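Here are my notes on the model, as numbered points. Please read them with the structure open.

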Amino acid sequence: MNAPLPDLVLCAEEPIRVPGAIQPHGWMVVLDGEGSLVGYSANWRDAQQAQQALALVREALGGLDDGEAPAPLGVVEVDGRALDVLAHRRGGLTVVEFEPRSPQTGTQAPIYSLARHFLPQLQRADTVGKLAQLAADEIKRLTGFGRTLVYRFDEEGHGEVLAEAIEPGYDSYLGHRFPAADIPPQARDLYRLNQIRLIPDAHYTAVPLLGAAPGWDSRTLDMSFATLRSVSPVHLEYMRNMRTLASMSVSIVLGDRLWGLISCHDHQPRHLSFQTRAACEHLGRLLSLQIASQEDNADVAARLELRHLTLQLVAHLADSDATLQRLVGEPALLLRMAGASGAAVVLNDQCWTTGETPEPAQVAALAQWINAKGAETWSTDRLPEVYPPGLDFVARAAGVLAISISQVHQHLVLWFRPELVRTIRWAGDPRKEVQVTAGRIHPRQSFESWQEQVRGRSEAWSPAEVSAAGELRHALIGIVLRRAEEMNEVATELGRVNKELEAFSYTVSHDLRAPMRHIAGYVDLVQDMEGKQLSERAMRYLSHVKEAAAYAGHLVDALLDFSRMGRAALKRSQVDTRALVDELVAEYSRQEAGRVIAWEVDPGLPVLTADPFLLQVALRNLLSNAVKYTRTRKSPQVRIRAIRNADGEGLEVADNGVGFQQKYVGKLFGVFQRLHQAEEFEGTGIGLASVRRIVERHGGTVWAHGEPDQGAVFGFSLPGGKGDAQAPRLSRKRT
């Protein structure tokens with residue numbers, strides 16, 4: 001009686017675990033939880049014969065555990081024929097299988113032969129390739145199949161043939177790949193569960209299971225562990241298309257992962273005894289253990305080496321100022337750590353690269369795209385497939401490994417690998433998977449060697465390399481946090497010292513005002529009372545003393561004002577800078593009545609949130625500077641314009657005065673720092689320092705730009721906010 005063929009469109013939908021039929025080289029009976037016969041294979045003479053066979057092994061069934069692999073129950077004789085018996089329990093049902101008994105071989109049994117021939121060589125094989133070849137040779141020796149292949153699955157599920165043992169007349173598939181579609185997902189799951197499968201004859205006619213109890217449906221019986229389970233008609237056709245009439249598959253399972261298969265083929269039907277199959281299954285498990293051991297050892301060695309490189313890189317960074325761009329200062333370590341040809345460090349809009357990398361603008365765009373994913377570690381060996389702009393630089397960066405250092409800012413470290421063009425030999429065109437005829441699927445018919453050139457990919461990143469990048473990320477975050485704590489401690493200490501210095505300068509400047517006035521006053525008294533008796537030289541000396549005392553008094557007053565700026569609380573309000581500028585321009589126009597200054601005030605000056613008095617002081621100092629340093633110009637010009645940028649809003653004052661060399665811009669905002677002689681331009685050297693302090697207390701930014709004899713530009717911007725700022729900033733570039 002033939003089992004019906006499935007009416008399918010997709011092979012992945014085929015219910016291969018519940019075929020409701022067995023292969024004809026054995027017999028089967030099925031018992032329920034109470035030990036009653038509920039089903040039997042149609043190749044028993046009748047239900048009575050099935051009951052008789054069952055009675056011979058019933059006592060041995062009590063030791064079976066649900067979910068365990070089939071257990072051998074010995075040999076029974078049915079109608080004068082010796083049968084090997086296997087049984088297992090699954091889902092509350094007990095499945096008993098009978099196969100023809102093979103002759104006794106004693107010490108020549110396959111399991112003993114395996115121990116003598118295979119195990120000693122297995123221990124000496126030091127590579128996966130050698131292990132695979134050893135397994136292929138031994139399986140062929142044990143079974144007599146004409147061709148034995150050992151292949152592993154890649155990350156996409158394709159099977160790559162690592163070793164083979166063949167007889168003349170068989171096609172060689174060494175170095176070829178079998179498409180992932182040849183083994184659908186449900187078949188892979190079954191290979192993990194039941195690690196050996198034999199098909200003695202691809203031309204067999206399936207034997208259906210019959211119900212011995214009313215209402216029992218054989219299609220409900222899970223036959224995942226059954227050695228006699230009938231296989232998919234699609235697979236049988238696949239075998240025949242491959243000129244294979246008998247096949248056996250032994251799974252190579254590492255942990256819970258189907259690593260690969262040992263696949264045996266023969267041009268003629270071939271049956272194997274239970275003892276031989278058991279030896280082959282043991283071989284598969286031993287091979288799995290040995291491959292797992294070698295891969296684990298290799299992985300541990302790789303991780304140790306990468307950790308050593310990571311520690312060296314971290315030590316180098318810790319010995320520097322700990323800024324991430326220092327990573328590219330040790331390019332050899334950075335590149336070796338990930339096995340990369342290029343690397344980049346991206347900090348927001350800035351980019352540092354080493355080795356073979358895309359252009360900085362391309363790196364920046366890629367970093368922004370990766371950062372938007374929000375992943376701590378991200379990698380790919382085929383960038384153009386997930387990031388189409390990557391086609392423009394695929395030769396240098398087909399593979400990318402990236403770590404993100406911050407959840408707030410765009411701080412990333414990226415490694416790049418170049419495109420690796422590979423030629424893959426397939427066992428048949430992988431694009432021709434299945435055909436559908438009259439509602440039934442048919443497998444591909446050709447297994448001729450077919451070559452494909454794969455582009456746009458790099459060498460894949462190993463789990464050890466991705467893990468090392470993750471460890472580096474954690475180490476970098478630790479360093480950054482530690483440096484932040486150190487900086488916070490330094491800032492706290494500087495704040496304390498700064499307050500002490502402010503208090504000291506306030507006290508000193510306050511206490512010095514009276515002595516300076518006394519000096520000037522006594523000089524006036526001497527000149528008035530004794531002037532007629534003093535020589536002209538003495539009077540000149542006294543005048544110098546009076547001028548110096550007056551200058552010192554101005555200096556003390558400026559220092560006192562500077563100290564007050566850091567001590568007084570801010571009183572913020574809305575300040576119309578246009579009105580403030582107009583008032584100051586009018587004031588300086590009156591003071592400089594003898595000069596014609598071309599004032600240019602742009603429309604649309606902003607309304608700022610600031611302390612009105614302090615903002616007036618800052619703007620007065622900037623305009624005073626412009627007026628003073630344009631004194632030597634025949635046509636002095638001063639322009640005030642609005643500034644609006646990412647930091648906020650503010651003003652910029654530009655003049656056509658004497659200017660300064662840009663390399664000295666860092667000195668301009670320091671206390672008592674002057675770039676011109678006092679004889680040329682008067683002043684105390686505190687004006688710009690006051691501007692900086694006022695702007696910083698508002699949380700703003702100041703800047704300056706100048707060229708000798710070409711004029712200067714001074715500006716500031718203030719954010720909208722309340723309270724004293726905690727992180728003042730000084731920019732050296734014109735915004």
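1. Overall make-up. The protein has 15 helices and 30 strands. Both are DSSP runs numbered from the N terminus: helices are H or I with at least four residues, strands are E with at least two. This is a predicted model, in which local features need pLDDT of at least 70, side-chain atom pairs count only at pLDDT 80 or more, and totals for chains, interfaces and linings use all residues. Residues are numbered from 1 along each chain as its sequence is written, and side-chain values use heavy atoms, with hydrogens and water left out.

2. Burial and contacts. Of the 735 residues in the protein, 46% are buried. Buried means under 20% relative accessible area, exposed means over 50%, and partly exposed is in between (1.4 Å probe, protein chains only). Take the contacts between residues at least 6 apart in sequence: 68% of them join residues at least 24 apart. A contact here means heavy atoms within 4.5 Å.

3. Helices H3 and H6. The axes of H3 (residues 128-143) and H6 (residues 274-318) come within 11 Å and cross at roughly 175°. H3 is therefore roughly antiparallel to H6. Axes are lines fitted to C-alpha atoms, for helices over the stretch in contact, with angles from 0 to 180 degrees between N-to-C directions. Angles under 35 degrees count as roughly parallel, over 145 as roughly antiparallel, 65 to 115 as roughly perpendicular and the rest as oblique. H3 contributes residues including Leu131, Ala135 and Ile139, and H6 residues including Ala279, Leu283 and Leu287. By class, the contact has ten nonpolar, four polar and one charged residues. Nonpolar covers Ala, Val, Leu, Ile, Met, Phe, Trp, Tyr, Cys and Pro; charged covers Asp, Glu, Lys and Arg; the others, Gly among them, are polar.

4. The whole structure has eight aromatic pairs. In one of them, Tyr151 and Phe153 have ring centres 5.7 Å apart and planes at 85°, so the pair is edge-to-face. Tyr173 and Phe178 also pair edge-to-face, at 5.4 Å centre to centre and 65° between the planes. Rings of Phe, Tyr and Trp (its six-membered ring) pair if their centres lie within 6.5 Å; planes under 30 degrees apart are stacked, over 60 edge-to-face, the rest tilted. Tyr151, Phe153, Tyr173 and Phe178 form one aromatic cluster. Tyr151 is buried at 8%, and Phe153 is buried at 13%. Tyr173 and Phe178 are buried as well.

5. Helix H5 and its ends. Ser232 caps the N-terminal end of H5, with a side-chain oxygen 3.0 Å from the backbone nitrogen of Val234. Buried residues of H5 (residues 233-241) include Leu236, Tyr238 and Met239, and also Glu237. Arg243 follows H5. Arg243 sits in the loop between H5 and strand E12 (246-254). Its phi is near 60°, a positive value in a residue other than glycine. Arg243 is partly exposed at 43%.

6. Two loop residues. Where does His698 lie? His698 is in the loop between helix H15 (687-697) and strand E28 (701-707). His698 is buried, with a relative accessible area of 3%. Its side chain reaches the backbone nitrogen of Asp611 at 3.0 Å. Asp709 lies in the loop between E28 and strand E29 (711-718). Asp709 has a positive phi, near 65°, and is exposed at 54%.

Terms used: Polar contact = N/O pair within 3.5 Å; in protein donor to acceptor, adjacent residues only side chain to side chain.
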